[in-house]
Amino acid sequence: ADVFLNVPEKTAVGTVLTKINVSDVDAGDNGKFNISELYEEEDGVRVTGFFSIDAKTGHLKLLKELDRETHTKYLISLEAYDFGLRLPPDQIPDKNKGFGKVLITVCDSNDHTPKFNQTAISFVSVSENENVTFSLFHFSATDDDGGKSCTP
């Protein structure tokens, strides 16, 4: 990937995540360009609709809510092409295009409540002669959050 982003899973839909910078040393129409998204991959599977790129500004925007417990990474493939040839984008030769990738890692937000694994606590009897370090009961709890949170 060319750009690496850490995005908290509770980032608001509509947020501009970054600006993709593209440059072309040509002058005139040959120096003007558009950016388009080729495809998105979510943990290696192609998906659509989570992100959009503004062809003129290069702003990469979040379109759908992210959930780190469902998907941890997105890889976005981008293409930039110049206007010099005045052809439809799919007919422009690769020498007049640039390609890049953005890797988005979804960071965990503390959005799940810990839960005790036991549904009820049983009555426990203890001998009065028992050692003070005797364990009366073992509790365990789980939390569906996982991984590191993004740094604030």
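Mentor: Gladly. β8 gives the lining of the largest pocket its largest share, 6 residues. Strands here are DSSP runs (E, at least two residues), numbered from the N terminus. The model is predicted, with local features needing pLDDT of at least 70, side-chain atom pairs counting only at pLDDT 80 or more, and totals for chains, interfaces and linings using all residues. Residues are numbered from 1 along each chain as its sequence is written, and side-chain values use heavy atoms, without hydrogens and water.

Trainee: How much space lies in the largest pocket?

Mentor: About 320 Å³, a volume being the space filled by probe spheres set on grid points joined across faces, edges and corners. A pocket is an open set of points on a 1 Å grid over the protein atoms alone, where a 1.4 Å probe fits, with protein on both sides within 12 Å along at least five of seven lines; lining residues have an atom within 4 Å of a point. By that test 23 residues line the largest pocket, and Val22, Glu79, Ala80, Gly98 and Phe99 are the closest to its centre.

Trainee: What makes β2 and β6 a pair?

Mentor: Two strands pair if DSSP finds at least two bridges between them. β2 and β6 (residues 59-62) have 3, in the antiparallel sense, so they qualify under that rule. Val16 stands opposite Lys61 in β6.

Trainee: Why do β2 and β5 stand at the edges?

Mentor: The open sheet has 3 strands in the order β2-β6-β5. β2 (16-19) and β5 (51-53) each have a single partner strand, so one side of each lacks a neighbour in the sheet.

Note on methods
Helix = DSSP H or I, 4+ residues; strand = E, 2+ residues; numbered from the N terminus.
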